[in-house]
Amino acid sequence: MIKHIISKTSGCEISPVPFSLIIIFLVFFSSNIMSQTIMPTKEDTQLSDEHGVFIKEMTDSSLIFVTTQGNEYLVHNRFNNISYIGGENKLKEDMCSNVDIYESENNILVIFYILFDNNLQIKDVRCIDVCPKVENWDSIINKYLLYLRSTQGKWMKSDNTSGKYYLYRFAGVID
């Protein structure tokens with residue numbers, strides 16, 4: 001005889017077998033959504049925000065980044081050759097401590113993209129949100145975008161590759 005252990009949580013009965021299947025489904029489903037949202041695949045080579053397409057014609061070694069003004073920049077060696085001085089965790093700490101927003105319970109995963117020229121001057125900052133937008137989304141995200149634009153001089157090349165333009169991407173949870 002097989003016994004199913006049932007645990008009580010907040011008055012609800014949960015059977016471990018179906019619950020584990022739900023967890024597996026959610027992990028597969030969310031990772032599939034996240035991989036498509038964070039970076040487009042070769043079959044679907046466009047990524048857009050409320051201003052329109054900003055990443056297109058992506059290959060293994062390059063992509064075209066479109067600024068909010070509509071200027072197109074060819075970026076080779078797509079990611080990982082630029083870093084924030086102090087690292088990504090320091091960037092997130094600085095961003096959270098410098099952006100003044102109200103406290104909320106809405107944790108939204110946002111992917112930020114920062115385009116740099118060869119002198120590490122910020123050309124544009126774009127973002128996409130992975131979760132649904134909340135009230136006052138535009139004003140909240142604009143504060144983060146303004147902060148990221150103000151980080152001029154806090155970046156360095158992390159390897160010896162040379163290019164005309166660089167792209168830095170990172171994920172942050174906005175609450």
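This is a predicted model: local features need pLDDT of at least 70, side-chain atom pairs count only at pLDDT 80 or more; totals for chains, interfaces and linings use all residues.
Phe 112 has a relative accessible area of 0%, so it is buried. The points below cover the cores and the aromatic rings.

**Nonpolar cores**
- The largest nonpolar core has 26 residues, and those touching the most other members are Phe 112, Ile 114, Phe 116, Leu 148 and Trp 155.
- At least two residues of this core come from each of β7 (82-84), α2 (88-98), β8 (108-117), β9 (122-129), α3 (137-149) and β11 (165-174).
- With seven residues, α3 gives the most to this core.
- There is also a second, separate core of 15 residues, with Phe 54, Met 58, Ile 111 and Tyr 113 among them.
- In soluble globular proteins, nonpolar side chains tend to be buried together.

**Aromatic rings**
- Six aromatic pairs are found in the structure.
- The ring centres of Phe 112 and Phe 170 are 5.2 Å apart and the ring planes are at 20 degrees; this pair is stacked because planes under 30 degrees apart count as stacked.
- Phe 112 belongs to strand β8 and Phe 170 to strand β11, so their pair ties together parts 58 residues apart in sequence.
- Phe 170 has 2% relative accessibility and therefore counts as buried, the cut-off being under 20%.
- One aromatic cluster is formed by Tyr 84, Phe 112, Phe 116, Trp 155, Tyr 168 and Phe 170.

Notes:
Residues are numbered from 1 along each chain as its sequence is written. Side-chain values use heavy atoms; hydrogens and water are left out. A nonpolar core is a set of buried Ala, Val, Leu, Ile, Met, Phe, Trp, Tyr and Cys residues joined through side-chain atoms within 4.5 Å. Buried means under 20% relative accessible area, exposed over 50%, partly exposed in between (1.4 Å probe, protein chains only). Helices (H or I, at least four residues) and strands (E, at least two) are DSSP runs, numbered from the N terminus. Rings of Phe, Tyr and Trp (its six-membered ring) pair if their centres lie within 6.5 Å; planes under 30 degrees apart count as stacked, over 60 as edge-to-face and the rest as tilted.
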